[in-house]
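Subject: Structure handover

Hello,

Here is the structure you asked about.

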Amino acid sequence: MLLEIEKLSVQFKTESGNLLALRDVSFSLEAGEILGVVGESGSGKSVSNLALMGLLPDIAVINTKKVLFQNHPLDLNSQKQLSQLRGKSIAMIFQDPMTALNPSLTVGYQMLETLQTHLGLSKKAAKMKAISLLERVGILSAEQRLKVYPFELSGGMAQRVMIAMSISCNPKLLIADEPTTALDVTIQKQILDLLIDLQREKKMSMIFVSHDLALVKKYSQRIQVMYAGEIIETGPTDQVIKNPHHPYTFGLLKARPSAHAGKTKEHLYAIPGTVPSLRARPSGCQFHPRCNRSTEVCKKTNPSVSSLQPSPLQTSFSCHHPLESL
Ligand SMILES: Nc1ncnc2c1ncn2[C@@H]1O[C@H](COP(=O)(O)OP(=O)(O)OP(=O)(O)O)[C@@H](O)[C@H]1O
Ligand code: SF4
Ligand SMILES: [Mg+2]
């Protein structure tokens with residue numbers, strides 16, 4: 001197992017009180033595996049990734065029961081420990097490459113700095129490696145590109161540079177958080193195909209966050225569905241998509257564009273309501289105000305996970321009235 005996280009919770013300390021953004025999130029990742037993470041905006045996908053990278057703001061209070069990375073305990077409150085892993089063993093690709101690239105430094109300067117710091121390469125060796133990395137991600141005239149500033153690159157090109165930087169130290173885990181959402185559809189596919197090629201080539205594990213269930217279905221072996229800061233269903237991707245147990249997963253699947261093929265506009269399905277604000281969390285099951293299966297018990301008690309010892313090969317979910325197997 002590459003990564004094991006048990007009961008990760010994150011609260012944000014604000015002037016109007018503590019806001020619970022993640023509640024008892026537990027998951028694991030095998031070496032070389034792709035875990036797809038889905039859920040509406042605000043469900044906690046990025047907060048869990050940023051916690052793992054040590055990139056949450058100071059107002060975040062992180063609690064965990066156990067975190068193991070490569071079988072060693074990892075303290076998500078230790079910047080010292082996390083900064084040793086960040087960029088080297090765990091790398092992240094963000095939705096907007098410009099947030100990860102420094103606008104005032106050339107691409108070459110940023111790449112060389114990473115390679116020299118983490119891999120201890122000489123300047124000359126780092127430059128050679130940077131050129132070959134840029135070539136690997138499909139950038140032409142790579143040597144010239146080292147001299148440009150990030151703002152001189154197109155969105156797709158900047159994303160390729162960020163991918164090159166993220167894989168430069170051969171990370172064991174690559175977190176791709178909506179890596180292509182900001183790009184045109186045609187470029188999206190090229191970038192995703194590149195990412196998957198690299199993932200296979202380097203045998204990395206990957207956490208792949210996407211709003212697009214079709215992409216998660218295509219690329220991930222396991223899926224994790226998040227709602228209001230909790231994992232509400234998880235299991236092998238094919239099983240979960242074919243046979244969802246949680247009404248929220250069912251709703252997400254019903255609402256995806258491909259489920260609407262041939263339907264008129266009036267018949268398009270959308271899950272009613274919105275993800276609750278952290279300031280106004282409902283009692284009991286967080287999904288109950290939006291769920292058509294909700295009963296009194298749902299309003300009072302948050303359902304526990306269906307399996308006490310969830311295995312990666314088995315679907316587990318948290319619901320008092322799950323959908324039956326088909
Ligand atoms: N720095 C912060 N201070 C306060 N609340 C925050 C902070 N960062 C995130 N949150 C809250 O935590 C919750 C989870 O946010 P998160 O960014 O993880 O959502 P997400 O699932 O990644 O959504 P999206 O699909 O829009 O990226 C949201 O309610 C968000 O407002
Ligand atoms: S616990 Fe109840 S409200 Fe929550 S998803 Fe299941 S049926 Fe719906
Ligand atoms: Mg996010």
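How much space lies in the second largest cavity? About 50 Å³. A cavity here is a set of points, on a 1 Å grid over the protein atoms alone, where a 1.4 Å probe fits but cannot get out. Grid points are joined across faces, edges and corners, and a volume is the space filled by probe spheres set on the points.

Some ground rules. This is a predicted model, where local features need pLDDT of at least 70 and side-chain atom pairs count only at pLDDT 80 or more, while totals for chains, interfaces and linings use all residues. Residues are numbered from 1 along each chain as its sequence is written, chains are lettered from A and ligands numbered from 1 in the order in which they are written, and side-chain values use heavy atoms, with hydrogens and water left out.

Cavities

Three cavities reach 30 Å³ or more. Lining residues have an atom within 4 Å of a point.

The lining of the second largest cavity includes Y227, E230, H246, C285 and S318. It divides into five nonpolar, four polar and one charged.

Ligand 2

Which space does ligand 2 take? The largest cavity. A molecule sits in a cavity if more than half of its atoms lie within 2 Å of its grid points. Around ligand 2 there are 13 residues, with C285, C291, C298, C319 and H320 nearest. To be near, a residue needs a heavy atom within 4 Å of the molecule. The shell has seven nonpolar, five polar and one charged residues.

Ligand 1

Ligand 1 has 15 residues around it, and S41, G42, K45, S46 and V47 are the closest. Six are nonpolar, six polar and three charged. Helix α1 (residues 45-53) gives the most to this shell, three residues. Helices (H or I, at least four residues) and strands (E, at least two) are DSSP runs, numbered from the N terminus.

Polar contacts are pairs of N or O atoms within 3.5 Å. Oxygen atoms of ligand 1 make these:
- a backbone N or O atom of V47, at 2.8 Å
- a polar backbone atom of G44, at 3.0 Å
- a polar side-chain atom of H211, at 3.2 Å

Taken alone, ligand 1 exposes 640 Å², and the protein buries 67% of that (Shrake-Rupley method, 1.4 Å probe).

Second largest pocket

A pocket is an open set of points with protein on both sides within 12 Å along at least five of seven lines. β7 (90-93), α3 (97-100), α4 (107-119) and α7 (155-167) each give two or more residues. The largest share, five residues, comes from α4. Ten lining residues are nonpolar, nine polar and two charged.

Best wishes

Note on methods:
A polar contact is a pair of N or O atoms within 3.5 Å; within protein, one must be able to donate a hydrogen and the other to accept it, and residues adjacent in sequence count only if both atoms are side-chain atoms. Ala, Val, Leu, Ile, Met, Phe, Trp, Tyr, Cys and Pro count as nonpolar, Asp, Glu, Lys and Arg as charged, and the others, Gly among them, as polar.
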